[in-house]
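Hello,

Here is the structure I said I would pass on. My notes on it follow below.

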Amino acid sequence: MIELKPDARQWNTSLIYDHSNRRSELCKAKDYYADWFKHWCNRLGEIPNFHRKQWEFVFVIQALWERGCIATGKKGLVFAVGTEPLPAIFASFGCSILATDIFPDKGMEMGWDNGNQLCFGVEALNTRQLCAQKDFNKLVTYRPVDMNDIPDDLVDFDFNWSSCSFEHLGTLEKGFAFLKNQLKTLKPGGWAVHTTEYNVSSNDETQENNNTVIYRQRDIEYIVNELQKEGHFVEELDFSMGGLPEDYAVDTEPHQQKIHLKLQVDKYVVTSVGLIIQKKGTAVS
């Protein structure tokens, strides 16, 4: 049983500084042995377990921490929150968070009300008690939002994020559009961290029109180039797949989820990729 300290400021933050910042990169086993990874797992009340969903959450936290986003007074926005613990983590550091998810009726129609994939309200976001409830109630709010139609009044956030969500928008192109449109919610110089499905086995064939599309290296390179042409910054792309035994294990169907960094989806081998994007302009403190 992991004992959590109630005040995030009591934590030894020296553990979460690495010799290099996170890049836009694939999920790899070596991260699970790093001090920063163990630190955030501990903060989440977990132990490192070689599951790519855990990597996505920890990657998002660390990437935003390194860029100064996780601090008192910062404003964050999450897309497709489900019941993830990150809003509570960020609120425990004094961030104001707007949690958003698909409209409940549409989410249920798509079957996302199973497995904690759909958020019905803010009360589902602090079940681990990672943030003192009075602070959580003050700092975290909820609003239904369609990622394909981001409202114009969602603006002036210091950071935003999503965890394996934009691949569910219907097509590869809708995911590309989301990555461009989500930047409108940020202040100049604000940071976005988004993870998605990555096709390890092919840079040719993939799932392009499906409830879950799978992005290839060429797709990631395409959207990064588009964002850069518009003047935004994207952290260096690292497509290396890792060299530890866990990096070579593929969780075949039906998934056992014991080592789940790479998995079989239909005829493809898939992992997670994280993108770190900074909106053009100068950040205002």
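This is a predicted model: local features need pLDDT of at least 70, side-chain atom pairs count only at pLDDT 80 or more; totals for chains, interfaces and linings use all residues.

Subject: strands, helices and rings

Asp251 stands opposite Leu263 in β10.

The protein has eight helices and eleven strands. It has 285 residues, and 53% of them count as buried. Among the contacts with a separation of 6 or more, 69% are between residues 24 or more positions apart.

Strand β9 (residues 250-251) runs parallel to strand β10 (residues 262-265), and two bridges join them. The loop between β9 and β10 holds Pro254. A cis peptide bond, with omega about -5°, joins Glu253 to Pro254.

From β10 the pairing continues to β11, this time in the antiparallel sense and over three bridges. Val265 has Tyr268 of β11 opposite. These two strands form a hairpin with two residues between them. Asp266 lies in the loop there, and its phi is near 60°, a positive value in a residue other than glycine. Is Asp266 buried or partly exposed? At 46% relative accessibility, Asp266 counts as partly exposed.

Most residues other than glycine have a negative phi, and most peptide bonds are trans.

Strands β2, β5 and β6

Strand β5 pairs with strand β2 (residues 75-78) in the parallel sense, over three bridges. Gly76 has Phe159 in β5 as its bridge partner. Strand β5 also pairs with β6, again in the parallel sense, over five bridges.

How many residues of β5 are buried? Six of its six residues are, and β5 is mostly covered. For β6, twelve of the 14 residues are buried, so that strand is largely enclosed by the rest of the structure.

The loop between β5 and α6 contains Cys164. Like Asp266, Cys164 is a residue other than glycine with a positive phi; for Cys164 the value is near 45°. Cys164 counts as buried, at 9% relative accessibility.

In helix α6 (residues 172-181), the buried residues are Leu172, Gly175, Phe176, Phe178 and Leu179. Seen down the axis of α6, they fall within an arc of 160°, so they line one face of the helix. What covers them includes β5, β6 (186-199), α7 (217-229) and β11 (268-278).

Helix α2 (residues 52-66) is mostly covered, with 14 of its 15 residues buried. At 1.5 Å a residue, α2 should span 21 Å, and its end C-alpha atoms are 21 Å apart, which agrees. After α2 comes Gly68, whose phi is positive, near 75°.

Aromatic rings

How many aromatic pairs does a search of the whole structure find? The search finds 18. In one of them, Phe90 and Trp161, the ring centres are 4.9 Å apart and the planes are at 85°, so the pair is edge-to-face. The cut-off behind that label is an angle over 60 degrees between the planes. Phe90 lies in helix α3 (residues 86-92) and Trp161 in strand β5 (residues 157-162), so the pair ties together parts that are 71 residues apart in sequence. Phe90 is buried, with a relative accessible area of 0%. Trp161 is buried as well, also at 0%.

Ring pairs also link Phe79, Phe166, Phe176, Phe178, Tyr215 and Tyr222 into a cluster. Two of these, Phe176 and Phe178, are among the buried residues of α6 described above.

Two charged side chains lie over rings. Arg67 lies over the face of Trp191, 5.2 Å from the ring centre.

Regards

Technical notes. Residues are numbered from 1 along each chain as its sequence is written. Side-chain values use heavy atoms; hydrogens and water are left out. Rings of Phe, Tyr and Trp (its six-membered ring) pair if their centres lie within 6.5 Å; planes under 30 degrees apart count as stacked, over 60 as edge-to-face and the rest as tilted. Helices (H or I, at least four residues) and strands (E, at least two) are DSSP runs, numbered from the N terminus. Buried means under 20% relative accessible area, exposed over 50%, partly exposed in between (1.4 Å probe, protein chains only). A charge sits over a ring if NZ of Lys or CZ of Arg is within 6 Å of the ring centre and within 35 degrees of the ring normal. The arc is that of the directions from the helix axis to the C-beta atoms. Contact means heavy atoms within 4.5 Å. Two strands pair if DSSP finds at least two bridges between them. The expected span of a helix is 1.5 Å times one less than its number of residues.
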